[in-house]
Amino acid sequence: MKFFFHKDAREHLLLVEGELYLHIFKSRRTSASTFITMRNMQDDRLYSYKCIQIDKKKALLELVDSINLPQVPLYPLHIILALIDTKYFEKILPMLNELGTKKITLFKSQYSQNNFKVDMQRSYKIAINSSQQCGRSDYVQIEEMNDLQEVLKAYPQSLFFDFGGIPLHNVKLNMIPSVIIGPEGGFSKNEKELSQHFMRVSTAESIVLKSETAAVYIQANAWQFYC
């Protein structure tokens with residue numbers, strides 16, 4: 001654990017209670033004499049606190065020091081993903097956060113699994129926990145859109161990860177791209193017509209990837225977009 005998240009980190013006195021208290025002092029058995037590092041995930045500062053009062057349910061911390069220490073992705077990427085089973089989304093979410101995804105946009109495609117509803121509060125908790133573990137000073141942002149048409153209107157410079165595209169390693173861009181990943185059933189005829197003028201990229205081997213695997217694969221190769 002690189003730090004703990006508290007929305008009020010920066011205040012001179014910080015009250016820690018509830019789930020965070022249990023995590024710090026019970027689960028992790030942090031000594032009351034140990035300096036505790038905090039981030040508020042809104043600035044790039046790392047705050048150091050010492051415990052000045054503790055009981056069975058809460059602790060009062062006092063600010064000792066803070067330093068400006070940004071830990072942000074070198075190669076942030078915007079993943080636009082057709083809706084998938086929530087359990088698979090929650091499985092790849094911490095991976096994408098650790099690998100440096102800047103933003104995830106979920107949209108409903110004609111052939112995507114549209115019966116699932118993403119719990120945004122739970123998703124952000126997963127992302128924040130991931131950042132606490134890996135040390136990232138921010139966390140991936142998540143948004144939802146209704147359909148591909150709305151996506152293309154909002155992000156007209158997007159790439160499509162699709163069959164028959166240019167091998168990913170051959171794409172050289174000097175901008176932060178958005179990459180659209182369709183459902184495992186592929187894009188519908190109407191969606192293909194909407195996207196016919198957009199650049200397509202794919203794996204060099206033309207391997208068929210699951211949607212969630214494709215998202216991790218693309219983010220893991222994001223450095224190539226900056227070459």
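Helices and strands are DSSP runs, a helix having at least four residues and a strand at least two, and they are numbered from the N terminus. The exercises below concern a predicted model.

**Exercise 1.** Determine where R29 lies and whether R29 is buried or exposed.

*Solution.* Step 1: R29 belongs to the loop that runs between helix 1 (18–27) and strand 3 (36–39). Step 2: the cut-off for exposed is over 50% relative accessible area. Step 3: R29 has 72% relative accessibility and therefore counts as exposed. Most residues other than glycine have a negative phi.

**Exercise 2.** Describe the position, the phi value and the accessibility of R10.

*Solution.* Step 1: R10 is located in the loop between strand 1 and strand 2 (13–17). Step 2: the phi of R10 is positive, near 130°, although R10 is a residue other than glycine. Step 3: partly exposed covers the range between buried, under 20%, and exposed, over 50%. With a relative accessible area of 37%, R10 is therefore partly exposed.

**Exercise 3.** Characterise helix 3, from its start to the residue just after it.

*Solution.* Step 1: helix 3 comprises residues 120–134, 15 residues in total, and spans 21 Å from its first C-alpha to its last, close to the 21 Å expected. Step 2: at its start, a side-chain oxygen of D119 comes to within 3.2 Å of the backbone nitrogen of Q121. Step 3: the buried residues of helix 3 are S123, I126, A127, I128, S130, S131 and Q132. These buried residues pack against strand 1 (4–5), helix 2 (86–99) and strand 8 (141–145). Step 4: just after helix 3, G135 adopts a positive phi of about 95°.

**Exercise 4.** Identify the residues that form a nonpolar surface patch with Y75, and place Y75 in the chain.

*Solution.* Step 1: L74, Y75 and W223 make a nonpolar surface patch of about 360 Å². Step 2: Y75 sits in the loop between strand 5 (58–68) and strand 6 (77–82). Step 3: patch residues must have over 30% relative accessible area. Y75 has 37% and is partly exposed.

**Exercise 5.** State whether D162 is buried or exposed, and which residues D162 touches.

*Solution.* Step 1: D162 is part of strand 9 (residues 159–167). Step 2: its relative accessibility is 16%, so D162 counts as buried. Step 3: leaving aside residues up to four places away in sequence, D162 touches F187, R200, V201 and S202. Step 4: the C-alpha atoms of D162 and N68, 94 residues apart along the chain, are separated by 41 Å.

Conventions:
Residues numbered from 1 in each chain as written. Predicted model: local features only at pLDDT ≥ 70, side-chain atom pairs only at ≥ 80, totals over all residues. Heavy atoms only, no water. Patch = residues over 30% accessible without salt bridge, like charges linked within 9 Å, V, L, I, M, F, W, Y side chains within 5 Å. Areas by Shrake-Rupley, 256 points an atom, 1.4 Å probe, with all protein chains shown as cover. Salt bridge = Lys/Arg side-chain N within 4 Å of Asp/Glu carboxyl O. Buried < 20%, exposed > 50% of the residue type's maximum accessible area, 1.4 Å probe, protein only. Expected span 1.5 Å × (residues − 1). Contact = heavy atoms within 4.5 Å. Polar contact = N/O pair within 3.5 Å; in protein donor to acceptor, adjacent residues only side chain to side chain.
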